[in-house]
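This report concerns the packing of helices and the pairing of aromatic rings. Please consult the sequence and the structure below while reading.

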Amino acid sequence: MLNNQNAITEQETALQNNMEAEPVYINCREVMRITGLSRGKAYELIRQCNKELAAAGKFIRRGMVNRHYLNKKL
């Protein structure tokens, strides 16, 4: 039982460290870095993604995009 509890704790710690390393929402600069787009095109992509997410009833943040959704879209 103790080994199982230690394994869960290690998994939770790894998950927390990963979440701290990669924020869920990324800004225009990060989109520019990932895609190589210009600033204006990066904002267009953010707006397009957020419009699709809002239509699906998901939470959005203006000027930022969900990293996971952007990765799926690319």
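Helices H2 and H3 are roughly perpendicular to each other, since they pack at an angle of about 105° and angles of 65 to 115 degrees count as roughly perpendicular. The model that shows this arrangement is predicted. H2 spans residues 28–35, and its axis lies 9 Å from that of H3.

Which residues of H2 and H3 meet? On the side of H2 they are Cys28, Val31, Met32 and Thr35, and on the side of H3 they are Arg39, Ala42, Tyr43, Leu45 and Ile46. Sorted by class, this contact comprises seven nonpolar residues, one polar residue and one charged residue.

A search of the whole structure also finds one aromatic pair. The ring centres of Tyr25 and Phe59 are 6.1 Å apart and their planes stand at 85°, so the pair is edge-to-face. Tyr25 belongs to strand S1 (residues 25–26), whereas Phe59 lies in the loop between helix H3 (39–55) and strand S2 (65–66); the pair therefore ties together parts that are 34 residues apart in sequence.

Are the two partners buried or exposed? The table gives the relative accessible area of each residue.

| Residue | Relative accessible area | Class |
|---|---|---|
| Tyr25 | 17% | buried |
| Phe59 | 59% | exposed |

Tyr25 counts as buried because its value of 17% falls under the 20% cut-off. The ring of Tyr25 has a further neighbour: Arg61 lies over its face, at 5.8 Å from the ring centre.

Terms used. Residues are numbered from 1 along each chain as its sequence is written. This is a predicted model: local features need pLDDT of at least 70, side-chain atom pairs count only at pLDDT 80 or more; totals for chains, interfaces and linings use all residues. Side-chain values use heavy atoms; hydrogens and water are left out. Rings of Phe, Tyr and Trp (its six-membered ring) pair if their centres lie within 6.5 Å; planes under 30 degrees apart count as stacked, over 60 as edge-to-face and the rest as tilted. Helices (H or I, at least four residues) and strands (E, at least two) are DSSP runs, numbered from the N terminus. Buried means under 20% relative accessible area, exposed over 50%, partly exposed in between (1.4 Å probe, protein chains only). A charge sits over a ring if NZ of Lys or CZ of Arg is within 6 Å of the ring centre and within 35 degrees of the ring normal. Axes are lines fitted to C-alpha atoms, for helices over the stretch in contact, and angles run from 0 to 180 degrees between N-to-C directions. Angles under 35 degrees count as roughly parallel, over 145 as roughly antiparallel, 65 to 115 as roughly perpendicular and the rest as oblique. Contact means heavy atoms within 4.5 Å. Ala, Val, Leu, Ile, Met, Phe, Trp, Tyr, Cys and Pro count as nonpolar, Asp, Glu, Lys and Arg as charged, and the others, Gly among them, as polar.
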